[in-house]
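Please read it with the structure open.

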Amino acid sequence: MKSKAAVKRVLAALDRLYPWDGRCFLHYQTPWQLLFATILSAQCTDERVNQVTPVLFAAFPTLEAFAQANLLELEEAVRPTGFFHVKAQNLQRAAQQLLERHNGQLPSDMEALTALPGVGRKTANVVRGHIFGLPSVTVDTHVKRVAYRLGLTSHTDPVKIEFELMGILPKKHWIRINQQLITHGRHICKARRPLCGECTLPDCERHDL
C-alpha cells in the first residue's frame, strides 16, 4: 500500500493531467435516464451506449413507457449494447419498481438503489455521485486496472477496491478520481498494451492486470 505522501503525489498528478469538470461519460437528461444508461453500460462501451440511448429514450420517453413497453420491442432497442434479453427485463422491472415503490423518483441511498433490478454498487455509485453529489467511488474495469497498477489497491475484487480507495483517498477526490482513472485507462494505461513511455504519473508499480 502506498504511503500518504505517495498517494498525495498521485492525486496531484491526476489533477494536473485531468482537471475535474464534473462531466459524466454517459449522456442523459433526467436522473432515471442516467440510471438506465449505466445499466446498459455493463459489458458495453460508453460510446456504444451513447449511440443507443437517444433512440431508446425517444421511443420510451417516460418511466411509464418503459414499464408498459412490449418487451420484444425493448429488447430490440437495446440489442446493440449486448445481453439485451437481461438488460431489457432489468430496465422494465426497474421502471416498474421506481413507479411502485418510489413514486417515480430515484432514491439516493445505496440499499434502495441496489435493490433495483440490474443495479450493483458500480451503477449505484455513478448515480449517487452525478445525480446527488454524494462522495462515491465507482469501480469499473479501468479504475480496477489503473488503481492496481498504481499501487492504490492490493485487491482485484471491485467492492474491496471501492472500500480500500475510500479508506486512503480524501472524500473530495472520490468522484473525480473515477473520471481521472477511467480517462487514463482509456488513453494511456490500456489493458493489453499500456503506453508506459507516455505515462507521467509517479510511482507506478506496473502490475500485470
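1. The largest pocket has a lining of 37 residues, and Ser41, Ala42, Asp46, Lys122 and Asp140 are the ones nearest its centre. Its space is about 810 Å³. A pocket here is an open set of points on a 1 Å grid over the protein atoms alone, where a 1.4 Å probe fits, with protein on both sides within 12 Å along at least five of seven lines; lining residues have an atom within 4 Å of a point. Volume is the space filled by probe spheres set on the points, which are joined across faces, edges and corners.

2. This is a predicted model, with local features needing pLDDT of at least 70 and side-chain atom pairs counted only at pLDDT 80 or more, while totals for chains, interfaces and linings use all residues. Residues are numbered from 1 along each chain as its sequence is written, and side-chain values use heavy atoms, leaving out hydrogens and water.

3. Helices are DSSP runs (H or I, at least four residues), numbered from the N terminus. By class, the lining has 13 nonpolar, 16 polar and eight charged residues. Ala, Val, Leu, Ile, Met, Phe, Trp, Tyr, Cys and Pro count as nonpolar, Asp, Glu, Lys and Arg as charged, and the others, Gly among them, as polar.

4. There is one cavity of 30 Å³ or more, a cavity being a set of points where the probe fits but cannot get out. The largest cavity holds about 70 Å³ of space. It is lined by 12 residues, with His184, Cys189, Cys196, Cys199 and Cys204 closest to its centre. Nine of the lining residues are nonpolar, one is polar and two are charged.

5. Helix H9 (residues 141–149) and helix H11 (residues 174–187) have axes that come within 8 Å and cross at roughly 85°. H9 is therefore roughly perpendicular to H11 (65 to 115 degrees). Axes are lines fitted to C-alpha atoms over the stretch in contact, with angles from 0 to 180 degrees between N-to-C directions. Contacts (heavy atoms within 4.5 Å) involve His142, Val143, Arg145, Val146 and Ala147 in H9, and Asn178, Leu181, Ile182, His184, Gly185 and Arg186 in H11. These residues divide into five nonpolar, four polar and two charged.

Note on methods:
Helices (H or I, at least four residues) and strands (E, at least two) are DSSP runs, numbered from the N terminus. Angles under 35 degrees count as roughly parallel, over 145 as roughly antiparallel, 65 to 115 as roughly perpendicular and the rest as oblique.
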